[in-house]
Amino acid sequence: MSTQNGPDRPKTPAESADVNKVVTDTKAAQDAGVPMVSLVVDGKSVSVPKGTLVIEAAFSAGSDIPYFCYHPRLTSVGACRMCLASVELEMFGQRRASIMATCTVPAADGMVIKTTTPDVKKAQNGVLELILANHPLDCPVCDRGGECPLQNMTISYGPPNTRFIEDKRRYVKALPISDHVVLDRERCITCMRCTRFASEVAGDSKLGLINRGAQSEVGPFLGGTFDSNFSGNTIEICPVGALTSRQFRFKGRPWEVKSSDSICTKCSNGCNIAVGHRMGEVVRINGRVNEDINEEWTCDKGKFGNADVNSPERLTVPLIRDAHGALVETDWDTALSAVVTNLQYVAENYGSASLAAIGTTTGTVEDNVLLNKLYRGVYSATNLAYQLNEAPRRLPKASIVSVEKAQHIVSIGMDLAYDQPMYYLRSVKAQRNGAVVVSIDSVIGLGDVALTPESVVLVPDTLAAADYQVIDSACSAAGCGYSVLASDANAYGPYLAGLDGTEAPSVSDLSVGLDASSKATDVLSGLSAGSIKHVFVMGSDPVTHMRDSRLANAAFSSDAFVVVTSQFMNATTAKASVVLPIASFSETAGSYLNVDGQLQTVDAVVPPKAGTRPQWQVMLELNARVGNPLPVFTPSDVLPAGLVPGGSE
Amino acid sequence: MPVEQTQLLYRHRNVPGINRLETYVAHGGYEQFRKAVAMDPEAIIEEVKVSGLRGRGGAGFPTHIKWNAFPKNRDVEHYFIINADEGEPGTAKDRDLMNALPHLLVEGCLCSMVAVRAAKCYIYIRGEYIEPWKSVQKAINDAYAAGFLGKNVLGSGLDFDIYTHLGAGAYECGEESALMSSLMGERGMPRLKPPAAPLPMISGVWKRPSVVNNVETAATIPAILELGGAKYAEIGVGSPRSRGTKLFSISGHVNKPGIYEIVLGTPFSEVLDIAGGVRDGHQLKTYIPGGSSMGFAPPTPLDYPFDYEGIPQNTQTLGLGSGGLMIFDETTDVFKVTHRLVDFYHHESCGKCTPCREGLDWLSKIYARIASGGGREQDIDLIWDICDSIRGKSFCALGEGAIWPVMTSLRLFRHEYLSYIHHGRNTYSDAGQLGA
Amino acid sequence: MAKFTDDTKRRLDALIARYPTAKAALLPALWVAQEVYGGWLPPEAMQEVADHLGVPASDVAGVATFYTMYNKRPVAHHRIEICQNVACMVNGADELIGYCERKLGIHAGEMTADGTFSVERVECLGACCHAPALMVGSTYYENATEQTVDKLIEELANMPSESVNPPQSQMPEQGEF
Ligand SMILES: Cc1cc2nc3c(=O)[nH]c(=O)nc-3n(C[C@H](O)[C@H](O)[C@H](O)COP(=O)(O)O)c2cc1C
Ligand code: SF4
Ligand code: FES
């Protein structure tokens, strides 16, 4: 049997996600006490919360209805007419059944839905024949082939052959509409998912419909480009291969691509992603559902930026400074011995006060734990810094989810869409519900904003200390408080690892707030003054990223022995005595605390790039070499007891 | 015995200068508005209900039912919207009415606004209608000057504003929900309707209570108020559900094409006579009773009441529609006319839904192929199947209207299709379009 | 190069004032823009409208390309738009279009080399009872014949388009509000 339809038909991951979303929404609404309505779907009685669409009620009842334009996170348009089913209801005092687009009709008490009658099949078949009429059917060369809802629905619900003998619509194929997205208008079925995403979710309307009728096409503003930080999502929600990724193009057929769960570390939001990899190489990033963070979206920084794991610029060989002052390649053993030798020498000759380390806010909590075990545990060092910036250390008052309920949102000194993409998407939601969203460039503009106790004020962690004072007084005067949004994937990881000496650090300490002094500045002073002779910089680039980069530059130009772990060369590695090439986020396991305090743990997705090592293994090895062998086999073995990762869903 | 054609809307149609306020007022103009503004809105709706008035824009939906669905308070702004988009092929009545009797429209709007408790009215005029637009806007300006529009009109404590809004070339904007999209500055695409969305009377333009009525519907209200609903309902000689008079644009192969106000239920043969009968020396082949979306009717019967009920019962077309009666004599190539209509609907499809967008695209290609001699017998079934995939499945009624001429022409004139398929031309209309 | 003058902007603001939202003024605003930009809407015109109304540019493009009367290409001075729909067709519209084409030496949809005339097929003009009908600028010519066309072309040849083609945006003044 070639056609297999009904609830057990094969589904693409996106289709399964849609059904799951309906199920979770239904449950959530039920728990929230939304009144229920009862109806019958294919002979089965179901109760669903009021407001549920008939197509969703059918999913809840375990029936299947084919669809294209319907998407549980977009408003219904009823455009593709694929979701036809027989709906019997009472209207104008009469009860009658008719074939309706079920994605537009809210379920109501007493409805009788039939999804499999011959009439319904015929209608669905007819619509699919029309959808396919002008479709090029170029699945063998289409990137979407193998995970394409249209292809799937055609196999399950479609006509067995085509009666269309006319010339199909022709367009220039594979038109790049941005750095990331290619458009193939011949394949587009005008479902308007992408354009609705642009206006409703991304809120930037960077993609729209132009022309009308059979000439309708999607595209950016005439002659422009699709320059949205969220463009990549349209690739995933397009139910055909009309929008595809330039990055993934011809990188592999979807069925050859394995998918593993991970967390994006390009910013602090911690979006849940599915990393697609083929033969050990990361080929693409898709969104993965986490209702508390990214729903199912990603930003382009995460979706396309993570391709840097494949960059030829990656460091793959340890470097060491030679007698002539040049950084030269070496092997791991030599590099690690050099670190250990210097560490022991400085400790013995100058004491632990001469040792310093700067923890990582981009690596894992576990990386920091092992760093702490080495410097504080073995050598009792106390110059352990855990934050490069001068921002108050406190988890934000406003969590990502809470922002969508806000009425007045003020962001200061950020491009929210780029810096805090998921905060931004929630603010778009809030705006659609009537919230006022204001964005000001710096604290100077604060005087013009009327803050109220309900205002949600969002602030980056990169301002000068004085700016926070201004914000603090403005906000306390208005009674609203403000939220400092960290920029790094694991801004509080070093704290949770106990790097500052706290005995049993916990996330709840962070809700209260910590001492705000920046120990990193102390390390710089120590370096400049010559009192610090050895510093371990874990995965960060203070020379570039500290506010006073002149001071940082001078500090790292001192005679101290500087060890830096990094994936790429940067301003700090350029000053290092030893550079250790480390694995990327996709190549290492560990835990991250996101911007609003959600702890998530992930596994490695692919093996470390040849020559690199996961940071935690480097630290384990160093501990062992100085006589502190640890019974650690996976990063989770060192996670502080107080930390229970919520993990990803 | 010919029915006397009571003239209500067109009573003063030919009075010189009736498009000017003074002349209009001299002929009793704005008297009904004076009356209406003093009435309880419910009482006006009741008169309209008793009159049996049905929408003149095409669907023939009883006007009072729409008006009654409005909230009975003025907590939020209500909008009264006039559909002057008149794009249905064969329909030319609203243009004439706006050119000749703009104050009748303004007065009709004012009376309707009282009934639905609207202070604002938008008249959505198709972009080609510059002259009617100027005519109506001038009438509006004069009505402001005369105190029929503006604040606290006639001491009623009520404000009334009427604005014109010019379309820009899209037949679909005549569809009421697409019209609302267009009025709000969007692409002219239809919006969800009940049960998928609330009635426009609850949440229409800008999410406020709104109603869309045809030009002629509104222009009929003063006559209803003047006569009283009951008297108005006595006019009409056919079905008890088709009351009053209606404007018909009669075009095609008749001796005296034109726009006529005709009492509903007048026998079709008399209607034909009013337009001077089929062009001399020719016979009736087929006709479209109410605008192209209604489909083709067979030449018999001729003696049936020409009204909302009589037409569908006797012709198997969709019905009276917008009153665009098109007469075709034996020289007409029905396949070619249908082809033209298919291309029209294809051109005008908004592209929102698959059946209409793709179905009409496909049909248009098939018709072109048949017309150029590449037809196959199986094309007839294919055309039928495509119509079937559009019918009842398209988002709005444009798709439905598009296939009706196709299906009726296939039913009545299949032989003309076959003639194209077998001979590459229409042997049934060889006299040509213009005839002798 | 922005072409909207202060006067244009005042006109747009007056239009915006007629509606509850600025976006609703988009259709009339595009008429104004089309006039300001010499009869058609290049992307810059749409961008200017977008900026003045505070509507995303892609929405403006979506609207401008939806409606056939907004020209997306430069147009002839005098556009002879002949109805090709059924009532006109059975009264000789095709023949009339053919006549125009031969007379001007162009096909329907094209314009003469000097940009003076174009012949265009348009859909039902609502002049079915006086078929065939054609339209030049805002003026209808009904029961049109070859003589009508001859006369028109002769008269229009030396006339600036504005004298016969008052822009749609010239909204007659609204009375006091
Ligand atoms: C495709 C389409 C085009 C329409 N065009 C018009 C039109 O030009 N004028 C009109 O009054 N009604 C038109 N209608 C009907 C309107 O949707 C609506 O029924 C009417 O304006 C309601 O007014 P009424 O109740 O006064 O008739 C059209 C309907 C469809 C589906
Ligand atoms: S590009 Fe894809 S998502 Fe966008 S309208 Fe076309 S089919 Fe739908
Ligand atoms: S899924 Fe319902 S109309 Fe597209």
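Guide: In this predicted model, the interface of chain B and chain C holds 18 residue pairs in polar contact, counting pairs with both residues at pLDDT 80 or more. On the side of chain B that touches chain C, the elements that give two or more residues are the strands β2 (120-125), β3 (161-166), β5 (245-252), β6 (258-263) and β8 (324-329), together with the helices α7 (130-145), α8 (176-183) and α13 (334-348) of chain B. Of these, α7(B) gives the most, with eight residues.

Taken as a whole, the interface brings 63 residues of chain B into contact with 50 residues of chain C, and the area buried between chain B and chain C comes to about 4,700 Å², of which carbon and sulfur atoms give 61%. Within the share that chain B buries against chain C, B:Arg95, B:Ala168 and B:Arg340 supply 13% of the area, more than any other three residues.

Turning to charged pairs, the rule finds three salt bridges across the interface of chain B and chain C. One of the salt bridges joins B:Arg95 to C:Glu142, with the closest N and O atoms 3.0 Å apart, a separation that falls within the 4 Å cut-off used for such a pair.

Methods. Residues numbered from 1 in each chain as written. Chains lettered and ligands numbered in written order. Predicted model: local features only at pLDDT ≥ 70, side-chain atom pairs only at ≥ 80, totals over all residues. Heavy atoms only, no water. Contact = heavy atoms within 4.5 Å. Buried area = accessible area lost by both parts, 1.4 Å probe. Salt bridge = Lys/Arg side-chain N within 4 Å of Asp/Glu carboxyl O. Polar contact = N/O pair within 3.5 Å; in protein donor to acceptor, adjacent residues only side chain to side chain. Helix = DSSP H or I, 4+ residues; strand = E, 2+ residues; numbered from the N terminus.
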